[in-house]
Amino acid sequence: MKEARPVLALDFDGVLCDSTEECIVTAWNGWLSYQGKPGFFWDPREVPEPYQSCIRRLRGYVRTGGEYLVLIRAAEKGWPIQSQREYEEAVSSVGAETRSYEKAFFAARDKMRHEDESRWFDLHVVYNGVPEKLQRLWSEFNVVVVTGKDSEAVQTFLRSFRLSLDPGRIYDKDAAHDKLEAVRRAASETGWPLEQIALLDDNIVHLLPVQKAGCRVFMAEWGYHTDEHLETAKANEVPVVSLENWDDEIRRACGGKARGV
């Protein structure tokens with residue numbers, strides 16, 4: 001049976017909050033564990049160079065937790081990644097090792113959150129206006145979250161926004177292989193066709209396959225990406241929405257009523 005409210009799928013990192021600082025320490029702690037070395041960091045400024053700067057600079061290319069190993073290898077080997085093509089070459093060079101590193105990455109995140117959730121939470125910065133916009137959209141849309149983060153972490157943030165979401169509506173790193181698979185599952189489970197589902201993400205590599213499948217897509221102007229990614233969005237007619245008006249743009253596209261209209 002088709003659910004009454006249209007589906008709005010949201011990415012998490014780079015759309016709802018900036019997790020750069022958390023990802024730096026998680027990636028490094030995961031790397032130490034992956035190598036069997038001692039040490040555990042909470043302050044991203046303590047992550048040694050050139051690793052810290054490389055993770056900051058290349059964060060916009062990362063699609064999965066395992067791909068932080070690509071950034072670590074890039075710092076280690078001095079790979080001059082300056083384009084999506086060069087990044088994909090680096091991913092291919094690291095190969096299947098990203099999957100084994102990914103376990104260490106998420107184990108490091110779990111350890112931080114369980115040892116001191118408040119301190120872990122403070123490593124994130126919620127983008128301005130996001131909680132208020134979400135609270136308004138919650139009653140108008142059937143919101144789902146499609147993310148490389150784990151479901152527990154997402155729910156921690158939603159609670160801080162005074163919102164709740166059925167765990168079955170969080171398509172996390174364990175629930176779906178990629179964003180397209182997650183959106184297709186959301187379509188199947190809610191009864192809405194892909195053509196009437198909206199996805200907001202900050203990564204054009206995630207958005208293009210979903211757009212090709214027929215879904216309405218929007219690229220966040222904020223978050224993690226490069227100028228090349230924004231140019232790719234424009235070339236493929238992917239609407240780029242601002243932090244100030246993304247909620248209204250989605251309402252208009254989906255037949256809703258924008259504020260002040």
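Two strands are taken to pair if DSSP finds at least two bridges between them, where helices (H or I, at least four residues) and strands (E, at least two) are DSSP runs numbered from the N terminus. The structure is a predicted model, in which local features need pLDDT of at least 70 and side-chain atom pairs count only at pLDDT 80 or more, while totals for chains, interfaces and linings use all residues. Residues are numbered from 1 along each chain as its sequence is written, and side-chain values use heavy atoms, with hydrogens and water left out.

Together with helix α10 (residues 204-212), β6 and β7 make a right-handed β-α-β unit, a crossover being right-handed if, with the strands pointing away from the viewer, the path from the first strand over the helix to the second runs clockwise. The chain then crosses from β7 through helix α11 (residues 227-235) to β8, and this β-α-β crossover is likewise right-handed. Two bridges pair β7 in parallel with strand β8 (residues 240-241); M219 has V240 of β8 as its bridge partner, and A220 stands opposite V241. Because four of the five residues of strand β7 (residues 216-220) are buried, this strand is largely enclosed by the rest of the structure (buried, under 20% relative accessible area with a 1.4 Å probe and protein chains only).

Burial also characterises E22, which is found in helix α1 (residues 20-35) and has 0% relative accessibility. Leaving aside neighbours within four places in sequence, E22 is in contact (heavy atoms within 4.5 Å) with R109, W120, L123, H124 and K149.

A search of the whole structure finds one cavity of 30 Å³ or more, a cavity being a set of points on a 1 Å grid over the protein atoms alone where a 1.4 Å probe fits but cannot get out. The largest cavity holds about 230 Å³ of space, the volume being that filled by probe spheres set on the points, which are joined across faces, edges and corners. Its lining (residues with an atom within 4 Å of a point) comprises 22 residues, of which D13, R59, V62, R63 and G148 lie nearest the centre.

How values were computed. 1 Å grid on protein atoms, 1.4 Å probe; cavity = no way out; pocket = protein on both sides within 12 Å on 5 of 7 lines; lining within 4 Å. Buried < 20%, exposed > 50% of the residue type's maximum accessible area, 1.4 Å probe, protein only.
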